[in-house]
Each structure stands twice: as structure tokens, then as C-alpha cells.
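I opened the notebook on a new model today. I wanted to go through confidence, sheet, backbone and cavities in turn.

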Amino acid sequence: MHYTGQVYRPPSEYDTPLLEVTIGCSHNKCNFCMMYKNTPFKISPMEHIKEDIEELQSCGVSFRKIYLLNGDPWCLPTQKLLEIAKLIHTHLPSVKSISSYVSIKNIMGKSQEEINELRAAFYNDLHIGVETAYAPALDFLNKGCNCEDIYEQIHKLNRAKFRYNVLLMLGIAGKGNAEKNAEANAKFLNETKPRIISVMPTTLAFGSELEKLTDAGAFIEQTQLDMILEEKMLINSINYNGYFYGGHNMNLVPVNGFLKDKQKLMTKLEHAINTLDQEILNSTRPRESVSQDLAL
Ligand code: SF4
């Protein structure tokens, strides 16, 4: 198999075969993200993709799902994505879902007809780094999209009946804005109704633009307690039965479950607030060498 530079996948894809179709991230400019800073963006040659699909076929396993690498494979032209799907279905006919990270910017580059075609070719189970639906925070992140874009693009996916997981960052609106971020995210989720909602705390990655902005005083981090309270507000405000995933190893208090049981999730967070060491709760997250997204 061809794997080049940094390779990431969401935790839920731990047992999905990984097929490299791009290397790095075509955007690579989100101010918090260092995931692919040392991996220049490239498109995998079709020969490599075909060789890897044939290698997967030689395993003799009836794979149900394939995960396309890397940061935003939907930057590829729709025609190329459809060619890749055709190769997958020819060699691995048991595959019923072609999953990957997808950015809002990627979806903006595709018409509704193209989105429908991709769905018909079994693209599905997308992991979408929305990060926040709170406009001032989203504008600050340099994701290449604004708040209207995220609503518009997610509605495109809904019209084509995609399943997807929306990734959100707790604390990304900065100190004092947890409530506004939770409110804006809940409004977005209640309107678009993603099947899965994944949250992770904002963590400063060494060398990131966000780290520099923090050191310059332009961004004030939230404490662990602020982010748990934001998570609790968010859970409380979601009004449909999606699956809530706050169980990444970066989450101080892991909470997972369907939102029909939201009281259980909130009770667990409340228990943590009442029992965890005050020093931990009032600290900010330690800086890390790489973040963000739901990377392994
Ligand atoms: S967060 Fe996602 S889209 Fe943004 S730079 Fe990182 S990998 Fe690329």
C-alpha cells in the first residue's frame, strides 16, 4: 500500500482499510492545525490507487467500507472521485460506503448534481471538520468558508441523503464566548441534524498560528472547566436523537451516547465538575505537537 507522510483517520475508522488518493491537505491553512504542515499536498497517481485496490482485493476479505486518505480527498475533481469509486466497486464489490474527511470548502466546489452522483457511487459516512458554526470564531479560523457556507453545503449533503459526522471544537470561540459558541452550534445541529456529532477540546499545537495568536494575546484560551460547561450547554440544547461522541483521548471527560439519553451525558459531565481536582479544571490544555481533527 502507498502511504506518504502524515496519515490521519477518525477513531471510528480504526478498522477500515485506508486507501491513499491524496497526500496532505489541499487547504493546509486552518490556524489551529499542524497535521500536514510537513507533508506537501499531492494527488496520488491513478496507477498507485489501482495497485492499492488490487492489493486489498488480494486479501480476500469482503470489506464493507473503504476510507480515502488524506485531509480532504474531495478536493479531487468529481470525475476522478467517480473513477476511483468505479475501480473500488469493480475489485471490491462488497464495499457499500466510501468514507473520508471532507471539508466544507471541498463541498463548495461541487454542484448538487455532482454531490448526488457521488452519493449514487456509494460515497457516504463523511467526517466533516465544521469546527464551529459561531461566525466570529469560524472567520478567525481561516477555514476558507463562512457560516452561510456551512449551512448551504450541509444542506446539499442532506438533499443527497448522506450520512455524516460533524466535528466541532469546544473552546474555539475563546474565553468568555462558550455560551455563544454552544448556542450557534446547537442552532446549526438542530437545523441540519448530522447523524454523529463529535466534539474535541481546542488544543494549541506547537508552531500553529493559533499558538502565536495566543502568545500575542489575540486569542484567550478557555479552561478545561469552561469547555466542559460549553459541552454541557451544547448537549442540553440539541433537540434530536443524534449520536454524541466526546470520547477522543483529548476529551478530559469521555461522554458518548445517543442524545435521547442526554441527561446521562450531562450527569457524567456534572459529576466530573463536582469531583475533579480544581487545579485540573482551572487549567488550560497542555500544548501538543500535532492537532486537531479527530486524528489517531
Ligand atoms: S483542519 Fe482539516 S482542512 Fe484545515 S488544514 Fe487541517 S487538515 Fe486541512
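What pLDDT does the protein average? I found an average of 95, and 98% of the residues score at least 70. (pLDDT is the predictor's confidence in each residue, from 0 to 100.)

I noted the ground rules. This is a predicted model, so local features need pLDDT of at least 70 and side-chain atom pairs count only at pLDDT 80 or more, while totals for chains, interfaces and linings use all residues. Residues are numbered from 1 along each chain as its sequence is written, and side-chain values use heavy atoms, with hydrogens and water left out.

I looked up residues 292-296, where pLDDT stays under 50. The model has 31 contacts for them beyond four places in sequence (contact means heavy atoms within 4.5 Å). Where pLDDT is low, predicted coordinates should not be read in detail.

**Sheet.** I traced an open sheet of 8 strands, in the order S1-S4-S5-S6-S7-S8-S9-S10, with mixed pairing. (Strands are DSSP runs of E, at least two residues; helices are runs of H or I, at least four; both are numbered from the N terminus. Two strands pair if DSSP finds at least two bridges between them.) The edge strands are S1 (18-20) and S10 (255-258), each pairing on one side only. From one strand to the next, the twist averages 25° (axes are lines fitted to C-alpha atoms, for helices over the stretch in contact, and angles run from 0 to 180 degrees between N-to-C directions).

I then checked S9 (residues 243-246), which pairs with S10 in the antiparallel sense over 4 bridges. Phe-244 has Gly-257 in S10 as its bridge partner.

Helix H7 (residues 178-192) packs on the sheet and touches S6, S7 and S8. Its direction makes about 175° with that of S7. H9 also packs on the sheet, touching S7, S8, S9 and S10, at about 140° to S7.

**Backbone.** Most residues other than glycine have a negative phi, and most peptide bonds are trans. I found a cis peptide bond between Leu-69 and Asn-70, with omega about 10°. Asn-70 is in the loop between S4 and H2. Glu-131, in strand S6, has a positive phi of about 70°.

**Cavities.** I counted 3 cavities of 30 Å³ or more. (A cavity is a set of points on a 1 Å grid over the protein atoms alone where a 1.4 Å probe fits but cannot get out; lining residues have an atom within 4 Å of a point. Helix H9 (residues 224-237) gives the largest share of its lining, 4 residues.

Conventions: 1 Å grid on protein atoms, 1.4 Å probe; cavity = no way out; pocket = protein on both sides within 12 Å on 5 of 7 lines; lining within 4 Å. Points joined across faces, edges and corners; volume = space filled by probe spheres on them.
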